[in-house]
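Me: I would be grateful for a close look at a single part of this model. Please treat it in one connected account.

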Amino acid sequence: MEAKQPYERYQRQMLLPEIGEAGQQKLLQSKVLVVGAGGLGCPVLQYLAAAGVGTIGIVDDDVVSLSNLHRQVIFRMDDIGQSKALRATTSLQQLNPSIQINPYDFRLTNQNALEIIAEYDIVVDGTDNFSSRYMINDACVLLNKPLVYAAISTFEGQVAIFNAVNKANEKLTNYRDLFPIPPTNNEVLNCAEAGVLGMLPGIIGCMQANEAIKLIAGIGVPLINRLLTYNALTNKGYELSLTASGDTLSLIPKDAAAFKRMNYDFSCTVNNVFELDANTFSPYLTNANATIIDVREEGELPIIEGFDHLHIPLSRLEQNIASLKGETIITFCQSGKRSRQAAQLLFNTFATTRKIYSLKDGIISWMNQQQEQ
Amino acid sequence: MLNNTTRVNVIVFGHLLDITKSANIAIENVSDTNELVQQLELLYPFTNMRFAIAVDKKIVNENTPLNDNSVIALLPPFSGG
């Protein structure tokens with residue numbers, strides 16, 4: 001059926017004179033790599049696949065969890081525990097079997113990024129951490145690939161296209177023209193820890209997909225050298241223009257070899273913080289010399305019962321450090337990220353006078369393991 | 001700048017708003033972005049915060065002179081996806 005009428009699927013978008021048959025052909029011949037099949041990646045993938053982008057790559061090393069489903073709307077209950085890249089691939093193939101979907105169910109790193117990105121025309125960044133964002137940015141600069149960037153924080157989103165030529169033929173800009181150097185660990189919460197309504201990545205992800213389509217079809221005024229911020233609470237947008245800064249290129253590795261040597265693991269280079277896995281953590285629960293601290297914010301669930309611990313949210317930890325007792329201090333949170341920041345804060349105060357640990361992968365992971373045993 | 005009644009409007013984005021509590025701040029008697037940031041740091045605990053600065057909707061990477069009624073946006077990096 002589809003082979004006889006290949007364009008029926010795309011009829012309504014081809015009715016637009018800006019798309020037409022020529023535009024549809026461009027879409028079908030285009031190759032887009034979507035990094036991160038999360039809150040942003042899901043709408044991007046669905047709309048690009050629906051629009052007939054001919055080849056779509058999906059990079060994600062994560063598995064679907066129940067707490068993803070309120071915003072990662074491509075996934076279903078049956079997908080929980082399974083690879084996001086593989087489940088998204090199946091779902092998109094059902095949506096549009098006539099396009100090619102390439103899943104990469106591993107993490108994009110500076111060791112594999114250049115080879116993968118080289119296969120595509122455009123990269124869409126839907127990742128949730130600064131390490132990946134800077135790494136992807138630098139890879140796109142090195143390979144000269146347009147990067148459709150977006151990021152969210154609670155009720156706000158940012159969208160921009162980097163490393164693409166605009167009609168005015170201005171110098172190319174990249175993410176480092178906006179934020180030259182990555183923030184340190186305790187500067188910004190990430191989405192896994194800060195709250196988010198599912199609609200925000202939905203809106204911002206659709207904006208990314210729209211910008212990608214505009215770039216491919218060569219229509220409209222894409223957000224090249226412009227950053228759009230959107231606030232879902234006020235429904236207001238604010239647009240800023242970007243110019244290439246002379247210093248930026250010096251921050252980007254010169255070639256592939258330098259790129260592979262560069263350390264992008266910002267979130268994990270917290271020095272001096274030792275992580276305990278669930279098995280090593282358990283014996284400390286009955287150790288009178290160990291102080292265990294829940295650093296999640298007030299009201300976060302589940303409430304932890306069954307062992308003695310303090311509850312001091314990360315935001316208030318610094319002012320409470322002096323009161324902490326115990327020769328061993330162990331921090332925990334939901335996923336193990338904030339507890340690592342907390343452990344770093346404690347280490348900055350106590351150095352080696354106390355043993356400071358963070359519970360690796362968070363309390364949920366520990367609870368799951370307890371249930372299994 | 002000799003005019004000592006320079007008044008600029010600062011718009012705050014992202015988690016900077018958690019600190020300032022107000023999305024719009026008026027600041028007086030600042031002649032450039034460096035002075036503005038110094039003023040803001042006196043008013044708010046911005047230590048350890050990183051943000052891009054836009055003057056009249058243009059991202060600036062260097063100290064930039066401000067005019068009366070300039071609009072300055074402070075934009076922290078977002079990582080969420």
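How do the residues of the lining of the second largest pocket divide into nonpolar, polar and charged?

Reply: The model is a predicted one. In the lining of the second largest pocket, 12 residues are nonpolar, six are polar and three are charged. The pocket itself has a volume of about 400 Å³. Its lining comprises 21 residues, and those closest to the centre of the pocket are B:Phe51, B:Ala52, B:Ile53, B:Val60 and B:Asn61.

As to secondary structure, three elements of chain B each supply at least two residues of this lining: α2 (33–43), β3 (52–55) and β4 (58–60). The element that gives the most is α2(B), with four residues.

The strands β3 and β4 of chain B also belong to another setting, the contact with chain A. Between them, chain B and chain A bury about 2,500 Å², of which 55% lies on carbon and sulfur atoms. On the side of chain B that touches chain A, β3, β4 and β5 (71–75) are the elements that give two or more residues. Here β5(B) gives the most, with three residues. This side of chain B divides into 13 nonpolar, seven polar and three charged residues.

The contact takes 23 residues from chain B and 39 residues from chain A. Across the interface, zero salt bridges are found by the rule applied, whereas 11 residue pairs are in polar contact between chain B and chain A, counting pairs with both residues at pLDDT 80 or more. In summary, β3 and β4 of chain B supply residues to the lining of the pocket and also give residues to the side that touches chain A.

Definitions and conventions
Residues are numbered from 1 along each chain as its sequence is written. Chains are lettered from A and ligands numbered from 1 in the order in which they are written. This is a predicted model: local features need pLDDT of at least 70, side-chain atom pairs count only at pLDDT 80 or more; totals for chains, interfaces and linings use all residues. Side-chain values use heavy atoms; hydrogens and water are left out. On a 1 Å grid over the protein atoms alone, a cavity is a set of points where a 1.4 Å probe fits but cannot get out, and a pocket is an open set with protein on both sides within 12 Å along at least five of seven lines; lining residues have an atom within 4 Å of a point. Grid points are joined across faces, edges and corners, and a volume is the space filled by probe spheres set on the points. Ala, Val, Leu, Ile, Met, Phe, Trp, Tyr, Cys and Pro count as nonpolar, Asp, Glu, Lys and Arg as charged, and the others, Gly among them, as polar. Contact means heavy atoms within 4.5 Å. Buried area is the accessible area (1.4 Å probe) that two parts lose on being put together, summed over both. A salt bridge is a side-chain nitrogen of Lys or Arg within 4 Å of a carboxyl oxygen of Asp or Glu. A polar contact is a pair of N or O atoms within 3.5 Å; within protein, one must be able to donate a hydrogen and the other to accept it, and residues adjacent in sequence count only if both atoms are side-chain atoms.
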